[in-house]
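Reader: I'm new to this one. Can you walk me through the pockets and the ligand?

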Amino acid sequence: MGKEIKRIGVLTSGGDAPGMNAAVRAVVRTADAYGIECVGIRRGWQGLITSDFIKLSGEAVGHTLSRGGTILYTARSEDFLTEKGRKKAVATCKMLGLDGIVAIGGDGTFRGALELSRLGVPTVGIPATIDNDVGCTNYTIGFDTACNTAIDCIDKLRDTMQSHERCSVVEVMGRNAGFLALYVGIAVGATAVLVPEHALNFQKDVVKRIQDSRLAGNTHFMIVVAEGVGSAVDIGKRIKEEVGIDPRVTVLGHIQRGGAPNARDRETATRMGYYAVRAFAEGRGNCIICTQEGGIVEIPIEEALAMKKHLQMDRYAIMEAMQIGSHIERNKA
Ligand code: F6P
């Protein structure tokens, strides 16, 4: 990059995720340690367009490590998708004397970072989304906490479903990906988990699984549906028609995005924030800070955005195998 970095901006964009504050804190404190000033840009990319900023210091981010949400607020900016909006953002960077931007969010945030870097503002991305659907990194900040929140809710649902001998259909977030649903489904011992990555065969994947579970002696059933599959209400209606039981449907919704970040999210966010600033301080930029094989790597933004991450379907098979009476075909030698 050449130019010495003296002042950077940090922003959170897209859907919030537990641990975003921990990442902001780590960025600010690491910047402090390197003698780099830090400005908080509020409301994501939109704040860069409207010059919505706040001066941050090591003290200012005290007591934020354990807080859910994002102290910088977040938004999904339509204006930033336009050339006019992005030019205004560049002008704000110049006006504030920002030598770089740390952008915390998901793929949408990183597409914004790429555009800004093409206009000459160096950017570094930190992956944070409860969906865990960012291709370049095996982990995104917020995923573990969101899994635990969903598990906690479903454990509670199970208590009442068990008492009433009912079937519960629970919709979890995840956008177009099934990471959240499958991890949660395994962890709650779901009767069935429906994810967008697995073509749904309603008879086999839902009806038969409920019937087999019933034959195994169960009197309550837990069906976890990833929002990317469709509406849990529709799945509930089909169960009523095809199995003849009357399920209760729960859409967990935004509760999955809230709450104090857990150990994994605080620790990962702190490491990622540290490495983001270190990249700038050492003269690198225009990359995403990713976790791979347990370590942190920097991947150029364009390359990172082209990377795909697939749901590990062995986990789907493991979920299926957990049902009493399930059958696994042996591999022939
Ligand atoms: O990307 C995070 C996420 O919570 C998705 O799981 C969900 O589809 C979406 O955001 C909801 O967006 P909004 O908060 O705009 O309703």
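Author: A definition to start with: helices (H or I, at least four residues) and strands (E, at least two) are DSSP runs, numbered from the N terminus. This is a predicted model, where local features need pLDDT of at least 70, side-chain atom pairs count only at pLDDT 80 or more, and totals for chains, interfaces and linings use all residues. Residues are numbered from 1 along each chain as its sequence is written, and side-chain values use heavy atoms, with hydrogens and water left out.

Reader: OK. Which element gives the largest share of the lining of the second largest pocket?

Author: That is α7, with four residues. On a 1 Å grid over the protein atoms alone, a pocket is an open set of points where a 1.4 Å probe fits, with protein on both sides within 12 Å along at least five of seven lines, and lining residues have an atom within 4 Å of a point.

Reader: Which residues lie nearest the centre of that second largest pocket?

Author: R209, D212, E320, S326 and H327, out of 13 lining residues. Two or more lining residues come from each of α7 (202-215) and α11 (313-321).

Reader: And how much space lies in the largest pocket?

Author: About 1000 Å³, against about 300 Å³ in the second largest pocket. Such a volume is the space filled by probe spheres set on the grid points, which are joined across faces, edges and corners.

Reader: What lines the largest pocket?

Author: 42 residues, with G106, D107, G108, R111 and R175 nearest the centre. Helix α4 gives the largest share, six residues. By class the lining has 14 nonpolar, 13 polar and 15 charged residues. Here Ala, Val, Leu, Ile, Met, Phe, Trp, Tyr, Cys and Pro count as nonpolar, Asp, Glu, Lys and Arg as charged, and the others, Gly among them, as polar.

Reader: Switching topic: where is the ligand?

Author: The ligand takes up the space of the largest pocket; a molecule sits in a pocket if more than half of its atoms lie within 2 Å of the grid points.

Reader: Which residues are around the ligand?

Author: R76, T129, I130, D131, M173, G174, R175, E227, H254 and R257, each with a heavy atom within 4 Å of the ligand. Five of this shell are charged, three polar and two nonpolar.

Reader: How far is the side chain of E227 from an oxygen atom of the ligand?

Author: An N or O atom of the E227 side chain is 2.5 Å from a ligand oxygen. For R76 the distance is 2.9 Å, and for R175 it is 3.3 Å. A polar contact is a pair of N or O atoms within 3.5 Å.

Methods:
A polar contact is a pair of N or O atoms within 3.5 Å; within protein, one must be able to donate a hydrogen and the other to accept it, and residues adjacent in sequence count only if both atoms are side-chain atoms.
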